[in-house]
Amino acid sequence: MAETSANDSRLFTPYNMGKFNLSHRVVLAPMTRCRALNGIPGPALATYYQQRSTPGGFLISEGTAVSPTAPGFPHVPGIYTEEQVEAWKKVVDAVHAKGAIIFCQLWHVGRASHQVYQPGGAAPISSTNKPISRRWRILMPDGSYATYPNPQALQTSEIPEVIDQYRQAALNAIRAGFDGIEIHGAHGYLIDQFLKDGINDRTDEYGGSIENRCRFLMQLVREVTVAIDADRVGVRMSPAIDHLDATDSDPLGLGLAVIQGLNKLQIDHGAKLTYLHVTQPRYTAYGQTESGRPGTEDEEAQLLRTWRRSYQGTFICSGGFTRELGIQALAEDGADLVAYGRLFISNPDLVLRFKLNAPLNKYVRKTFYTHDPIVGYTDYPFLSKANKGQATLSRL
Ligand SMILES: Cc1cc2nc3c(=O)[nH]c(=O)nc-3n(C[C@H](O)[C@H](O)[C@H](O)COP(=O)(O)O)c2cc1C
């Protein structure tokens with residue numbers, strides 16, 4: 001195992017992300033892991049995130065519910081009660097103790113939920129009354145899968161309340177000690193349900209033109225930046241990914257419209273957002289299909305390049321990156337930082353392994369969303385242990 005030489009890669013060079021001085025470019029991507037029993041992040045999460053922390057490393061938390069109507073998976077954490085805020089403090093402290101930086105990903109799944117996850121068994125909210133098609137299935141609390149129910153389109157007058165839930169959640173995240181927040185505007189969840197013309201069928205000022213479809217996200221980003229400052233806010237989008245039927249007739253144009261809105265907001269606010277995080281089309285959230293692909297590798301690269309060049313600030317890419325593809329993306333100036341998901345699940349010391357170009361543990365898909373606090377969560381071996389016994393490695 002040869003250590004990566006300095007000119008081999010910018011992956012291991014420092015990066016100044018606004019007020020945060022990162023020591024390398026390998027980011028933990030946000031990943032739902034369903035280990036926060038009853039919405040409360042416990043000691044297992046502290047261990048999990050601490051294992052993946054490095055001095056000057058950057059972590060993005062799993063999607064975290066902004067309100068009681070936000071969840072659509074079992075045992076995902078929230079950040080809307082005092083108990084949750086207090087519980088998160090211990091997780092964040094564990095990360096900070098290792099010298100890493102952590103943002104909380106603020107999440108509302110919108111119609112990607114089910115009555116079992118909703119207060120009073122109500123229908124989930126969305127931009128639309130149309131359900132997610134039967135092609136997709138929702139994970140139920142008992143581990144079975146069900147079809148998605150009919151959602152209830154938000155009335156125009158109800159939208160400010162939802163935006164306020166994000167604002168309050170952002171304030172809560174800062175109180176819990178998070179260094180900032182990421183607004184989850186990707187993968188077919190609530191914000192994406194407003195952005196995409198394959199879903200949004202509204203006739204009010206939140207539907208129709210691209211500008212109208214971007215309005216919900218833009219209002220939300222504005223409110224959150226006023227509440228906690230722009231330099232603690234990142235935004236994630238996936239204009240070219242059709243996860244949960246989130247299709248759009250013009251992904252390139254939609255991405256550019258979001259970017260123009262964010263650029264303008266930065267000018268109006270007089271401060272930069274922390275970053276824009278874009279999921280590559282080659283990834284679909286469950287990694288099982290290639291359905292999110294808009295076209296060839298070249299077309300995909302073209303989309304990314306255009307968005308990268310248009311956004312005035314830190315750009316994070318994510319989705320299907322290996323060590324080599326990450327090195328390449330940075331060398332070609334395709335991004336400033338690369339977020340890794342599945343490889344980080346199975347390699348708590350991914351940064352070190354990348355540095356050494358060491359072998360990687362394989363991830364076990366069937367424990368992605370199970371609830372055991374250890375198995376498939378914090379029991380993936382670190383390099384030294386893996387080196388000692390191939391038996392451990394081959395088990396994974
Ligand atoms: C188990 C799992 C859970 C995920 N949960 C989230 C999530 O909560 N929020 C989010 O924005 N993306 C989520 N993603 C997507 C990842 O952030 C990432 O973009 C994706 O895994 C692609 O990167 P990779 O190819 O390095 O795994 C999830 C992915 C996986 C595998």
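In what order do the eight strands close into a barrel? The order is 3-4-5-10-11-12-13-14, with parallel pairing (two strands pair if DSSP finds at least two bridges between them; strands are DSSP E runs of at least two residues and helices H or I runs of at least four, numbered from the N terminus). Neighbouring strands of this sheet are turned against each other by 25° on average, ignoring direction.

Before you click on, note that this is a predicted model, where local features need pLDDT of at least 70, side-chain atom pairs count only at pLDDT 80 or more, and totals for chains, interfaces and linings use all residues. Residues are numbered from 1 along each chain as its sequence is written, and side-chain values use heavy atoms, leaving out hydrogens and water.

Select residues 26-28 and 58-65: these are strand 3 and strand 4, running parallel and joined by two bridges. Leu28 sits opposite Leu59 of strand 4.

Next, pick residues 43-51 (helix 1) and 82-97 (helix 2), which pack at about 25° with axes 8 Å apart (axes are lines fitted to C-alpha atoms, for helices over the stretch in contact; angles run from 0 to 180 degrees between N-to-C directions). Helix 1 and helix 2 are therefore roughly parallel (angles under 35 degrees). Show the contact (heavy atoms within 4.5 Å): helix 1 brings Leu45, Ala46, Tyr49 and Gln50, and helix 2 brings residues including Trp88, Lys90 and Val91.

Last stop: residues 297-310. Helix 7 lies across strands 11, 12 and 13, at about 160° to strand 13.

How values were computed. Angles under 35 degrees count as roughly parallel, over 145 as roughly antiparallel, 65 to 115 as roughly perpendicular and the rest as oblique.
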